[in-house]
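I opened my notebook to look up how this chain folds.

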Amino acid sequence: MHELAISLALIDEAERVARQHGARAVAHLRVVVGPLSGVDGEQLARAYSIARAGRLTAEATLEWSAAPVRVCCEQCGATTDAAAQRLLCADCGSWRTRVVSGADLTLQSIELIDARH
């Protein structure tokens with residue numbers, strides 16, 4: 001399950017940011033998961049709940065949301081939403097498209113707990 005490795009990488013980055021800002025812990029992570037990224041959001045959340053133990057993220061929650069799949073049509077030039085399993089242009093129906101979003105995994109935000117509290 002590569003979601004565990006991804007969870008560990010997210011935790012490492014959150015801890016790096018926490019140390020950089022002098023925080024005592026991490027409270028919350030927000031992640032956007034593209035349907036074409038190869039990452040299952042539910043599996044990521046399960047792996048994260050195991051991986052966070054004993055770290056600055058021990059009490060931190062992980063919130064994930066799915067990113068839309070968008071394609072740019074090479075035939076008509078339109079940028080439209082598409083289904084992950086059907087990357088067709090919604091305007092002209094062409095299959096000659098390029099994915100412009102939905103294949104990425106983004107750490108959107110990290111909420112820290114101030115060391116003074």
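**Entry 1: a charged pair.** I started with Glu111 and Arg30, whose side chains meet in a salt bridge at 2.9 Å, N to O. I noted the cut-off: a salt bridge is a side-chain nitrogen of Lys or Arg within 4 Å of a carboxyl oxygen of Asp or Glu. Glu111 sits in strand β6 and Arg30 in strand β1, and they are 81 residues apart, so I wrote that the pair links distant parts of the chain. The model is predicted: local features need pLDDT of at least 70, side-chain atom pairs count only at pLDDT 80 or more, and totals for chains, interfaces and linings use all residues. Residues are numbered from 1 along each chain as its sequence is written, and side-chain values use heavy atoms, with hydrogens and water left out. Helices (H or I, at least four residues) and strands (E, at least two) are DSSP runs, numbered from the N terminus.

**Entry 2: the other partner of Arg30.** Arg30 is in strand β1 and Glu63 in strand β2, 33 residues apart. Next I checked exposure. Buried means under 20% relative accessible area, exposed over 50%, and partly exposed in between (1.4 Å probe, protein chains only). Arg30 is partly exposed at 26%. Glu63 is partly exposed at 38%, and Glu111 is partly exposed at 34%.

Entry 3: Two strands pair if DSSP finds at least two bridges between them. β1 and β2 run parallel and share 6 bridges. Val33 stands opposite Ala66 in β2.

Entry 4: For angles, axes are lines fitted to C-alpha atoms, for helices over the stretch in contact, and values run from 0 to 180 degrees between N-to-C directions.

**Entry 5: one face of α2.** Which residues of α2 are buried? I listed Gly41, Leu44, Ala47, Tyr48 and Ala51. Seen down the axis of α2, they fall within an arc of 120 degrees, so they line one face of the helix. The arc is that of the directions from the helix axis to the C-beta atoms. An α-helix has 3.6 residues a turn, so residues three or four places apart point the same way. The buried residues of α2 pack against α1, β1 and β2.

**Entry 6: the core.** A nonpolar core is a set of buried Ala, Val, Leu, Ile, Met, Phe, Trp, Tyr and Cys residues joined through side-chain atoms within 4.5 Å. The largest one here has 16 residues, and Val26, Leu29, Val31, Leu44, Tyr48 and Leu62 touch the most other members. α1 (2-20), β1 (23-33) and α2 (41-51) each give two or more residues to this core. I looked up Val26. Leaving out residues up to four places away in sequence, its contacts include Ala14, Ala18, Leu56, Ile110 and Ile113. In soluble globular proteins, nonpolar side chains tend to be buried together.

Entry 7: I moved on to another open sheet of 3 strands, ordered β4-β3-β5 with antiparallel pairing. Its edge strands are β4 and β5 (97-101), each pairing on one side only. Here the twist averages 35 degrees from one strand to the next. β3 and β5 are joined by 4 bridges. Cys72 stands opposite Arg98 in β5.

**Entry 8: charges again.** Arg70 and Asp81 form a salt bridge, 2.7 Å from N to O. Arg70 lies in β3 and Asp81 in β4, so the pair ties together parts 11 residues apart in sequence. How many salt bridges does the structure hold? I noted 7.

**Entry 9: a cysteine in a loop.** Last, I found Cys76 in the loop between β3 (70-73) and β4 (79-81). Cys76 is partly exposed at 41%. Beyond its neighbours within four places in sequence, Cys76 is in contact with Cys89, Asp91 and Cys92. The C-alpha atoms of Cys76 and Cys89 are separated by 8.6 Å.

Conventions
Contact means heavy atoms within 4.5 Å.
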